[in-house]
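Walk through this structure with me.

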Amino acid sequence: MVLRKLPGVSASGMGLRLSQKFVFLLFLSGLVTLCFGALFFLPDTVRLKRIFLSKNENPAVTVGSDNELSKKAPGDPEHQRAGLKGGEGANAKLKVSRRPSVTHGARTVERSVGSRAQDEWSPARAQEPAARDERVTSAARDGERGSARDYEAFKKCSLKPALGKNRGTPSDSETLQRREKVKEMMKFAWDNYKRYAWGKNELRPLTRNGHIGNMFGGLRGASIVDSLDTLYIMGLTEEYEEAKEWVQNNLDLNSNGEASLFEVNIRYVGGLLSAYYLTGAEIFKQKVVELGDKLLPAFNTPTGIPRGVINLGSSGTSWSWGWASAGSSILAEFGTLHLEFLHLSELSGNPSFTEKVMNIRKLLNKIEKPHGLYPNFLSPVSGNWVQHHVSIGGLGDSFYEYLIKSFLMSDKTDQEAKKMYYSAMEAIETNLVQKSPGGLTYVAEWRGGILDHKMGHLACFSGGMIGIGADDGPAEQKQHYLDLAAEITHTCHESYSRSATKLGPEAFRFDAGAEATATRLSDRYYILRPEVIESYMYMWRLTHDPKYREWGWEAVEALEKHCRVDAGFSGIRDVYSSTVSHDNMQQSFFLSETLKYLYLLFSDDDLLPLEDWVFNTEAHPLPVIRKRCLQEHSVTPDHGQTDPE
Ligand code: DMJ
């Protein structure tokens, strides 16, 4: 722009008229606004935070949110996928903390071990009882010494071959046929994902494209990582190899996005760990330890209780969910890390992973609990409960699951987890377990002492959980726990059989005349969730009552009839309408959990025997940690195996 001084017109020292000055100022301010605004279009919103937020390293700093993920409301499909519902205080401010320097000597050496040959299995010293003093904290001690375990060590310490004598093939032809059907469903789901959504997180089967979403912080291929172990155990070898090749060549962990710590942990960390322990392919170990490192900054809070959302890039910034009460962290999220983090320490030799989750355990053990119950929201700053909503469904569920599974995964040495689990169960029975007028047993929710007579689909995992915990309970309670597990599983089956589609709603109620049916329109959907089938699988293994296989088959028929579409499987919007409306989403947990549990239900018990394997909450099997045996087979970071048997 050229500015000229006009003759006869008074001008300022710059030689400009007032109107020209005004135009110039307007232009300047427009330019500044434009530059400032452009910052917001930078791909990494965290850059802004780096510039404008406190440089304070550790204490939480209250900031406004530009984090899309954390702004999602609890009813948002992204949260429904995660099983995160409820949640008051949607306007809560977010908290942020930043990445500390992460230092340790995790091994990332790639060494091809090849796939596992079943007849190579040897029980070695696996039968030796674990020493009393070898409790979970020993993982940290071993880490300090820099020892690490590997596939061979775990294999030698298993009691039985992972895939059984004959890959769990059942002897009766009807069960075999049913199992083959489930395998065909897996292949169909996989082939369509591969065809239309390869490399994306999930398949949209109606529109035949991929879904990325914002739960995984820019990580891709959730369906691939979630499917690795299912493909492997089903003997879908070609498909497993494709998946492994994708992980090797395309799973890029250098993402800089904002992820749910919980979701990345249960799906990616869990999926990679299982794939490693089942196959011994070093690429899975290398990737999982690298990913695990990226999660550590989430624990950099005043209490060590991690926040829900973490930036996977170098900033390591973390946030609480925008909808969680007063910047709180969620019980089911920070309480569902223990199994995977213990294994991360085992494989890397880095004790930090174990220390982080033991710190969470310590805080939860010590804190005062209303009526012995664990509320769903806790402040990562003060370490106090934020409000008294208790649920064994969404927001609370897998915390309880991980207590009993931590005990089982420790070769039954983790007495603290055992004690916490059975005390929690006692409180749940006293305060939450109810019987409906029609005789159905259910687990209600608790809001500061008032019962909400509702059970979520998510809460139906508890049949299986209480079942696997029965045998180690107090002698006089064992049969009682098994009965309770069967009753809850029966109630969950009722929620399926009382619908037109024979699939269960997201939540069902026991009030205003309702008995295991959804009374609200918004609770009528089914998104291919596994929990009810998961309980059938455990109850089958524990009792061998044929009804569980029959119920599983009913679910297969319903899935085929209502959820199978031309290009994959889809959730449905209303289980009570036989004219179905599809939600156009094939969730990754359908491949990792629903189909895997169905396959196991129709297999012999020696496929992934429960003496050796504990399933994480995304159905990824993790081996029992037999400390003493493993110590004899551990490797040192730089010199390979100490005991090259
Ligand atoms: C899965 O991702 C896991 O089972 C989680 O614990 C809860 N929600 C889904 C399946 O419903």
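The whole structure holds two disulfides, a disulfide being a pair of cysteine sulfur atoms within 2.5 Å. The model is predicted: local features need pLDDT of at least 70, side-chain atom pairs count only at pLDDT 80 or more, and totals for chains, interfaces and linings use all residues. Residues are numbered from 1 along each chain as its sequence is written, and side-chain values use heavy atoms, with hydrogens and water left out.

Take the pair Cys157 and Cys629. Their sulfurs sit 2.1 Å apart. The torsion about the S-S bond is about -90°, so this disulfide is left-handed. Cys157 lies in the loop between α6 (151–156) and α7 (173–197), and Cys629 lies in helix α22 (residues 627–631), so the bond ties together parts that are 472 residues apart in sequence. Helices here are DSSP runs of H or I with at least four residues, strands are runs of E with at least two, and both are numbered from the N terminus. Is Cys157 buried or exposed? Cys157 is buried, at 2% relative accessible area. Cys629 is buried too, at 3%. Buried means under 20% relative accessible area, exposed means over 50%, and partly exposed lies in between (1.4 Å probe, protein chains only).

Now the other link. Cys460 is joined to Cys492, with an S to S distance of 2.1 Å. The torsion about their S-S bond is -90°, and the link is left-handed. Cys460 is in the loop between β16 (454–456) and α17 (462–470), while Cys492 is in helix α18 (residues 478–497), 32 residues away in the chain. Cys460 is buried at 0% relative accessible area. Cys492 is buried at 1%. How do the bonded cysteines pair when numbered in sequence order? The pairing is 1-4, 2-3. Cys563 is also buried, with a relative accessible area of 0%.

Next, a helix pair. Two packed helices are described by the angle between their axes and the distance between the axes. Helix α19 (residues 531–543) and helix α20 (residues 547–563) have axes that come within 9 Å and cross at roughly 155°. Axes are lines fitted to C-alpha atoms, for helices over the stretch in contact, and angles run from 0 to 180 degrees between N-to-C directions. α19 and α20 are therefore roughly antiparallel, a label for angles over 145 degrees. The crossing of α19 past α20 is left-handed: the near helix is turned anticlockwise from the far one by less than a right angle.

Which residues make the contact? From α19 come Ile533, Tyr536, Met539, Trp540 and Thr543, and from α20 come Tyr548, Arg549, Trp551, Gly552 and Ala555. Contact means heavy atoms within 4.5 Å. These residues divide into seven nonpolar, two polar and one charged. Ala, Val, Leu, Ile, Met, Phe, Trp, Tyr, Cys and Pro count as nonpolar, Asp, Glu, Lys and Arg as charged, and the others, Gly among them, as polar.

Now check the backbone. Asp411 has a positive phi of about 60° although it is not a glycine. Asp411 sits in the loop between α15 (397–409) and α16 (415–431) and is partly exposed at 21% relative accessible area. Ala516, also not a glycine, has a positive phi of about 65°. Ala516 belongs to the loop between β17 (507–509) and α19 and is buried at 0%.

Finally, zoom out. The protein chain has 22 helices and 23 strands. Of its 645 residues, 60% are buried. Among contacts with a separation of 6 or more, 73% join residues 24 or more positions apart.

Terms used. Angles under 35 degrees count as roughly parallel, over 145 as roughly antiparallel, 65 to 115 as roughly perpendicular and the rest as oblique.
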